[in-house]
Amino acid sequence: MAEPMSSGVGVATAIKLYGFIVIVAICLFLVSLVVIMTRIPRTRPEWVVSLSCTVVGSLTGGAFVVQRFGLHAWANDWFGMVALGGVVFACGLPAWAIVRWTFNYINAREGAGIIEVIREIKDEVRK
């Protein structure tokens, strides 16, 4: 039979878990706000796609960095969680840039067919 856990430990665990979730949510909001304010999208669909890709890039990129560099111990105290929030924030910025570059590339070749685009990419890769 499992040993009972005191309610104080349960409360501390809940505070850490919800505190981290709040920090991540704030970082996602801030990274979205920063990138939207610096490079305003031209259309509503571009805005929605860019925003969603930034959020996904923040979460997945942040998780990758934490896993790759073993930053799990940072979640043991408040300042470490804030630092992890900064990591999540920083990982969303490249995602936004990649989406914007993709939109610019697509807009520049609006009338081109798929074969022309593939040939152009192939030629660029071979250089």
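Colleague: In which hand does H2 pass H3?

Modeller: A crossing is left-handed if the near helix is turned anticlockwise from the far one by less than a right angle, and right-handed if clockwise. In this predicted model, H2 passes H3 in a right-handed crossing. Local features need pLDDT of at least 70, side-chain atom pairs count only at pLDDT 80 or more, and totals for chains, interfaces and linings use all residues. Residues are numbered from 1 along each chain as its sequence is written, and side-chain values use heavy atoms, without hydrogens and water.

Colleague: At what angle do H2 and H3 pack, and how far apart are their axes?

Modeller: Two packed helices are described by the angle between their axes and the distance between the axes. Axes are lines fitted to C-alpha atoms, for helices over the stretch in contact, and angles run from 0 to 180 degrees between N-to-C directions. Here helix H2 (residues 44-69) and helix H3 (residues 78-108) pack at about 135 degrees, their axes 6 Å apart. H2 is therefore oblique to H3; angles under 35 degrees count as roughly parallel, over 145 as roughly antiparallel, 65 to 115 as roughly perpendicular and the rest as oblique.

Colleague: Which residues make the contact?

Modeller: Contact means heavy atoms within 4.5 Å. Those of H2 include Gly57, Gly61 and Val65, and those of H3 include Val88, Gly92 and Trp96.

Colleague: How many helices and strands does the protein have?

Modeller: Helices (H or I, at least four residues) and strands (E, at least two) are DSSP runs, numbered from the N terminus. The protein has 4 helices and 0 strands, in the pattern α-α-α-α.
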